[in-house]
Each structure stands twice: as C-alpha cells, then as structure tokens.
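Please look over the sequence and the structure before reading on.

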Amino acid sequence: MMIYMAFALYWEAQPFIEYLKLKRDADFEKVQLFKGSMTPKIPEIVLFLTGPGTINGAVATAYVCGQFPPGPEDLFVNFGICAGTGSLCRGSIYRIHSIYEAATRRWFYPDMLLRTGDYPQESLVTFPVEVKTMDDQPCSLADMEGSGIYQAAQMFFEQHQMLFFKVVYDQPAAGTEGRRPASPGEEVKELCGRGSKKLMQDIFDAASDLEKLCPKKAVFSPGEIQAQEHVAQCLRATAAMKKKLGQILYYEKLSGKDIEALLRDFCQTYPVKECGSKKEGMKWLGALEERSWK
C-alpha cells in the first residue's frame, strides 16, 4: 500500500520529509515529489507539493494520482497551515470534518471513520485569496487549497481513504493583516514539525486499519437497509448526509456490529424522531458518528 501526502508549501512538508527520510524524485519537473519508506514494514510514501491556491492544489493532486494510480488500500492525506479564529489554539493540529468552498458555496465532507488519535475536529473554509479576518466566516479555519485538493483527490480515492489535517498558523482579526513573523518559512517549519512524528504514527495506524478493511465487503440485510432508510428519513437527510450515514454504518458492519440494534439504540438515546430540519439532522448524525467510536 501507499500513503499519498499533499502539502502546499515546502516549509510545511520539510519536517515530514526529514523524519520519513524521503528522497526527491528528479523525474518529476512540474511537481516537487518525494518518495521512500522508513522500513520495509511501513507503507511507501509519495509526498508532493501543490503550491498555494485551489487550482494549484487540484492540478498537482490530479497529476500525481494520474502518475501513481491509487488502489483501494491506499491512503491520501492533506496537511498544512491555516488561519484560525481567536478561540482556537495557535500551533494545534485539527482534523477537518467539513470543507466549505467560498467561491462556489459548496460543502464537502471528508470521511471521519478512520481512527486517527484524539485531534479536535473543526470545519475549514477555502478562499481563492489569503483571508484578512476570521470574523463572520462560516468555519473556524481557513486556507487556500483544501477544497481544490479534496475535489481532485475524490476522483481517485473513496471518501474513507482521505484524511485532512490543518495546523493554526495565524489568527487574523478585523482591520489587521494578521500575525506576520520576520522569518515565516522557519516558523511554518517549526509549527508543522511540532506534531509531525505523532501525526505520522496516527496516519500509519489509520493506514493499517484501512488495509485490514479492504479485503472485506459489508452486505446489509433487508432489515438493516430498512432501518437505515428510516433513520435517514427522520434526520431529513440530504444526499450527502445519506452517504455519510451509509459510510458510518458500513464501517460498523465491517466491525461486526448489529446494525439494526445500533440504530434502534441510537433512536432511543437521541430525539431523532423529533428532528425538524436537516441542520438538526446533521447534529444527530454527528452524535451517531462520535458514538460509533465507543
């Protein structure tokens, strides 16, 4: 199996390149690409730089995945710096559970089923330009590449094969340009390097879980299908919400859970039948997702 890792900037990627002992592949001139594996037991890594911006992110991701077509057991990871609201912790790593593309007003939902440590979860908005303030934004984090990288990656990977993480670099406030250190490159490297070893171990664990799941195939009984449809209806689920519900239950089925019993218990624990809107439905869907880890 292989792990694909996309970074916008070299400074973001450098701690990972050094820790993983990756080597630059000189055959690639259009995209800076690094490859290698720490040991024979660890998956091969394909790490590449996209450059800043949504279009650059999408083009580089599509190009690399076209050159190295991924299989069902492979994992895709995007990591990099972002802006954050003042309530978040600068230098902390957050796992992204939803991405909003400001230019098109579209939402995307990276899969949250693979277990990757205890990173707090936040939403991410992608802007075509650098954000000047986080006031009145639809998400708590902001970058310039996330939505482009996600849309390109989903052409080659299933949702459960993709992980997105961001580390808060600056916290721009209204009427300011945000925090601009004298040596931004070195500071980006330092921030991204703080949690790089732990993050890589969590990524390796997620890859191991994914590899174990690949040979299996979940088959739902008519009763389980009916129960799933009933819950989707109660949640007033959109097409995206139904897909997310299906992914949660698919993982639980592979894990040997009784799906009908799980959904019955879910409906008894939470006021699902009283759900009045899809926004409220998203809240209870999130509760089901968090409960599924227990």
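A residue is called buried when its relative accessible area is under 20%, exposed when over 50%, and partly exposed in between, with a 1.4 Å probe and protein chains only. The model is predicted: local features need pLDDT of at least 70, side-chain atom pairs count only at pLDDT 80 or more, and totals for chains, interfaces and linings use all residues. Residues are numbered from 1 along each chain as its sequence is written, and side-chain values use heavy atoms, leaving out hydrogens and water.

- Strands are DSSP runs of E with at least two residues, numbered from the N terminus, and two of them pair if DSSP finds at least two bridges between them.
- With strand β1 (residues 2-7), β5 forms a parallel pair over four bridges; M5 has V77 in β5 as its bridge partner.
- Strand β10 (residues 162-170) runs parallel to β5 and is joined to β5 by eight bridges; F76 is bridged to M162 in β10.
- The pairing of β5 with strand β9 (residues 141-143) is antiparallel, over two bridges, and A83 has A142 in β9 as its bridge partner.

**Cysteines**

- A disulfide is counted when two cysteine sulfur atoms lie within 2.5 Å, and the count here is zero.
- C139 is in no disulfide, as the nearest cysteine sulfur, in C82, is 11 Å away.
- C139 is buried, at 5% relative accessibility.
- The closest cysteine sulfur to that of C267 belongs to C234, at 5.8 Å, which is too far for a bond.
- C267 is also buried, at 17% relative accessibility.
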